[in-house]
Structures are given as structure tokens and as C-alpha cells.
Amino acid sequence: MMQRIEKTFAGRKLVIETGRMAKQAAGSALVTFGDTMVLATVTVSDSQSTLPFFPLTVEYREKTYAAGKIPGGYIKRETRPSDGEILSARIIDRSIRPLFPEGFKNEVQVFVYVISADQENDADVLGLVATSYALNASKVPFLAPIAGVRVGRIQGKWVLNPTFQQVAGSSDSIVMVEGGALEVSEADMVEALTVAHKGVRDLIGTQEELLAKAGRTPKMAWTKSEPDAAVVARATALAKDRIAQALNQADKHARIEAVEAIKKEVAAQVLAEFPDTGKAAGSVLGDLEYTALRSQVLDTKKRVDGRSSTEVRAISIDTGLLPRAHGSSLFTRGQTQALVTATLGTANDVQRLDSIDDAQEQTKSFMLHYNFPPFSTGEVRPVRGTSRREIGHGNLAERALQGVLPAFEEFPYTIRIVSDVLESNGSSSMASVCGGSLALFDAGVPMKAAVAGVAMGLIKEGDRYAILTDILGTEDHLGDMDFKVAGTEQGITSIQMDIKIEGLDLRIMTEALEQARQGRLHILGEMKKALAEPRADLSNYAPRIVTVTISPEKIGDLIGPKGKTIRGIQEETGAEITVDDSGLVTIAAVGGEAMERAKQMVRAITAEPIVGDVYEGTVKSITAFGAFVEIMPGTEALLHISELKHGRVEKTEDVVKKGERVRVKLIDRDERGRLRLSMKALEPKPEGTVDEVPEETAGAAAGEGGERPERGERRGGRGEGRRRS
């Protein structure tokens, strides 16, 4: 039976309903906010998976029909998810994953469909609300309702659900944070999270009200696999002290090899003593490693590599190491290393985006691509295209740098950063931020400030906790939090938090943000030693870009019939030329000579005639009252018979011939824009000569019967390709 609830949230109508769609799923919910509608479904396997982890998958799909569109390209159906869809799926996954009970290993699959998009209200946070309700209304043992909101600051006031930051939480704590900002302070960030958490509580209250009204489905029976007590005791006796000792090695591979050797040896011995235990010994040994690392941090305040909780690993930096790249850096922090490059392109290199959130195609002039090959961790594994993790980490680093880049109008380049992770032992996304900032400096991009990032960790047992700066991979794997913060000396530009416990209160988060700020300032200091500011000049191999503003009426002249004129300039000079509807012409060329030649040709075609200037033009036609001379491409003006020379002229042909090149002076432009030329104004007047007074015959200045074009009339028109060649 269908059940629904309607509330006002953030000034708009919010509706949650269930029981109308997807009734064979274990749980489903339809959430409507404005005219945006999201359907979430949940299914669960009845048997426990044999995988060593909880097999949760989240799929987020935007249906193009939701915005009244047909997919672009040759294949007219939705295919692989876009980067935006993958990022939304990751937000939902990371929010719900900590709230499944420990030890639950039945496979769970979440599908979220965006089925209506009003292009005003973001669907991803609605997808999280719908997923939460579907899970809580199903037989899946999910711990509690959660919700997600966006919060932004407009004119000094915090407002729920504009695009600014993404925050997910339960009624008691925050479970996931994702956001970008323009150098906001740590205090402002905490204030934003506080406002967001209030909105989260309101959404959770709405879910609980509908759950009470619709009735809850009994939760499925499941049993956590527990090893035999004798196996636990024997494995602990054999391995506990040895694993704790093996963990105290600074080198990642030496530490892993030592721990794995102990695990393998003890597992074999336990299996020999308890033949029917299967994989139980491996589970116990994993728990021993988990406990040993956490106890060491909490009890001794020392980490596995000997650092204190606030210490950043040693940093080394090289810049400008790739001679043909426009900008490059090699950023190494401990055993994490990123080779990062910056490439400058033109307006034609922008990425075109087809999204249901925009009425028209959008473009993107800044991209950061993150690559995580298997050799970076010393592993052998198949490579099957860009992973969701790579897309997520790249987006996080991209947001970190986006806010400090110059406006496109000031620096009209398309910018692409590529971060190739060469070594990884924790925090490779933040190494990409640091390396990306340095590569942009090396490329000569006039950024507002340098940006650095640091990954924070947390070990929490009851009331005891330790916040860790610049975490290792082991600390990420065995810890309770991965909290990444990037920013400048002035404030935060990007933030992301994932936790593995039920939630995190704002007090600990406030402390983590301050500790992250100190770590960030230290890293920025090391970066400043390597490259303090953007280089003064661009790479010799980067395109130079200049802009020329022309009259919008001249756009058609520049483009020419079917783009012939602008293509001709590009072919002759090798430059790349684009023009927009406002008349802004962008010229890009690697060589300065090619650029200057292209600029001169553009100006020659589009220049406006100036009264008093002298021109060399071609006589295009002869009439009884004078000649028409083309002084610029597509611009003809009248050379009246009285202005041919001093004294009386009987016939125009006595002085000039069709096709002849003549020097003329522009002497007048009337209120209708018509131009008048003179040859005699360029010559001294002989003594005693009486100049002819022009007859004011109707239509003479404009051309009898409208036969001659007025100023600015174009031959060939703009055609369809007026924006791009």
C-alpha cells in the first residue's frame, strides 16, 4: 500500500513516498523536491558472501528523459555512468557503509534513478535520503536513518541546499563530508557543518515519521561468524607480541612482509592443531594487527613509522623536470610520490558536458585527472579503465585547485592537470593537490595562492582518541577516519571525510581541522622553498593567447561564407582562432610570429574606418557621380567625382579606372554611417584652381537605386558557424 509524507524543507516542498514503485525490491522510496524526483531501491542476498569484506554496491543513474533530453553522441541510450554519476554514487556509498553492523556480509545492492530533473534542485542529496528510507524500510539490518544536505553561504548567511558543500549525517553525528570552498576558515567550516547537521536532523525526523506511519519490515536474521575460542587463544598466544613488534618498521614493504610472514606461519601452525578451522586463523590474525596498531598509538603516542601524531613525513620536491611539458613537478612525501603535469590549451580544448542539470551544453576549462597504476603499491593487477576511486580522488584534487585559478577572461587557457601516482603509502590524492599546485606555478599560471593538502586519521576507543596528521596506508586501513583537507595559507578550498565508525561529533572534527591547518602550513612552507610563486613566463612550447575585440557586426566578415575566411587565416598562419557572440576574438599560437600575423589579418578584416585616416583601396566600380572604393575587406565608400582632384572633372574614368589601386582619405561619415572619400585632400591645391562643388542629387551619396552597399553590409553573411571555425 502506498504511503507518503509531505513537508516543507529549505523553503520548498519535500515528499517521500513508498509502495507505488519497485515493489519487488527489498525496499524502495521515491523522493520529490521541487520537480526533481529520485527513486532508490535496495536488494539484499539471503546468503552470506565468502568475500573478506562487506559486498556493498551503489549505482547512481541520471536518466536523460528526466530533463526532456535525448542522449548525445551516436548511441542514443544511457551507457556507462558519467564522472558526475560516479561521484554521486560514491557519496551515497561512503555515507551508508559505516552504518551496516560489523560482520554483516550479505551482498547489498542500491540503485538510485534520477527520473525527473528541474535543473534547480540537486538530485544526489535526495538520492541519499531515498536510499536511507529504502534501507530502513527493508529487511536489511541498517542501524539508523541518515540524510544529506548542501549548505552554502550567501551574503554572509548560511543557506541549506545551494551547491557549496555536501554533508551527510545521522541524528547524533556526522558520517561523511564532501565539499569545496573559496578559502574559508576552519571556524567557518565548523559553522557550516553545524548548520548542515540541523538540516540533516529535520530530514531524519521526516523519515522516522513516515516509517512509523508505514510500518517497519522485520529485519532479516543473520549471524556474525565468530572463530572458536580455542583458535582465538592459540593464535593470540603465538602472534600477538610478534605482530606488535613487526609493525614498528618505517618502511612500508618491510613492515608488510614481516607481518604477512608471521600471519602465514601462525596460520599454518593453528590449522595443523585445529584442522577444521578453515579461514578462522586468518580473521583472528587480522584482528590482532588491527588491535596492535591502535593500542600502540593510544598507549605510546607513537606511530608505526616512529612519528608523533602531528608530524608530517619528509618532503622532497622537483619542478620543471619534463622539458616539453608546459609545467611539471615531482612531489614526494614519505613513500607517496606523484608526478604531476600541467598542460595549457585553447578554448577549443574545453570539455563539453551533457548533463540533465543544465538546459544547454556546458563546458569545462579546468580538468584534473588522477591515475593510480598497480606498480605504485608494488602490486600486479589487471587494468580495466579508469576506476571509481581514480575519478573520486581526481575530483577532490580538482576542487582544491579550482578556487585559486585566474578567471578565464583574465587567463583564457584551458588547463589540464594529470597526476600519475608513482608510489603510494597514504594520501596520494593530497600529494596530487600539492604537485598540481607546483605544476601550475611551473607553467606560469597566475594563481591566487599555492594550495597544499593533508590527510588526517583517527584512532578512537571509547573516550580515548588520537588524531593523526599525514596518515600512512596502514593507518587508513586500520583507523577510524580518513579526513582530507586542502587549502591555502588563508583557508580551506576542498574537504572530504570518510569514517568507519557510526559517527563523529563536531568537537573532534574541530580539533582535526585545526591540526590539519598546522600540517597544511608546514607543507606549504616546504613547497615555497622549491617554487615560491608562478614563473614569469610561459613554457616555450605553450600556446600564446591574445584577445582582440571587434564589433559584433564584423563577426560575419571574419568568419566568411561557411567559415572560409577564418579557416584561411588559420591555414596561412598556423594560429587557432575563435570568436564569440560578443565580438571577442581569441588567437592562440605557439610562435609569436604566427600570432602577430594572425592578429594583423583579423584586424585588417574587422577594423572600423576612422575619419581622417588614409587608406589604399581598390576601385570596385565606376559611376557618373564617382567611384566606389573598397578600403577594407567588405567595406566600400564613395569617392565622389568632385573629390577626385582639384578642379573640374568631366568623367570619373578620366582620373580612375576599375581595379586600380588608389590612396584616399576618409573625410566624412554621415548619420546613417555612409562613408565619403577624397583623393584631392591628399594633394596640395594649385593656385587659381576652383574646385567643383558636388551636386546634391538624390541618392547620389548612397548609390542610385540602392545599388551600393552601406557601411558594414557583409558579403556572404555569417552562416551557421559563427561561433567556431
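Leu639 lies in strand S27 (residues 635–640); strands are DSSP runs of E of at least two residues, helices runs of H or I of at least four, both numbered from the N terminus. The model is predicted: local features need pLDDT of at least 70 and side-chain atom pairs count only at pLDDT 80 or more, while totals for chains, interfaces and linings use all residues. Residues are numbered from 1 along each chain as its sequence is written, and side-chain values use heavy atoms, with hydrogens and water left out.

**Confidence**
- The chain has a mean pLDDT of 88, and 94% of its residues reach 70 or more; pLDDT is the predictor's confidence in each residue, from 0 to 100.
- Over residues 697–725 pLDDT stays under 50, and the model has 57 contacts beyond four places in sequence for this stretch; contact means heavy atoms within 4.5 Å.

**Leu639**
- Leu639 is buried, with a relative accessible area of 0%; buried means under 20% relative accessible area, exposed over 50% and partly exposed in between (1.4 Å probe, protein chains only).
- Beyond its neighbours within four places in sequence, Leu639 is in contact with Phe625, Gly626, Ala627, Val629, Leu644, Val664, Leu677, Ser678 and Met679.
- Arg416 is 223 residues from Leu639 along the chain, and their C-alpha atoms are separated by 54 Å.

**Helix H7**
- H7 (residues 388–402) has 15 residues and reaches 21 Å from its first C-alpha to its last, close to the expected 21 Å; the expected span is 1.5 Å times one less than the number of residues.
- Twelve of the 15 residues of H7 are buried, among them Glu390, His393, Glu398 and Arg399.

**Helix pairs**
- Two packed helices are described by the angle and the distance between their axes.
- The axes of H2 (residues 124–137) and H3 (residues 186–214) come within 11 Å and cross at roughly 35°; axes are lines fitted to C-alpha atoms, for helices over the stretch in contact, with angles from 0 to 180 degrees between N-to-C directions.
- H2 and H3 cross in a right-handed way; right-handed means that the near helix is turned clockwise from the far one by less than a right angle, left-handed anticlockwise.
- Val129, Ser132, Tyr133, Asn136 and Ala137 of H2 meet Leu203, Gln207, Leu210, Leu211 and Ala214 of H3.
- Seven residues of this contact are nonpolar, three polar and none charged; Ala, Val, Leu, Ile, Met, Phe, Trp, Tyr, Cys and Pro count as nonpolar, Asp, Glu, Lys and Arg as charged, and the others, Gly among them, as polar.
- The axes of H5 (residues 252–273) and H6 (residues 280–300) come within 9 Å and cross at roughly 140°.
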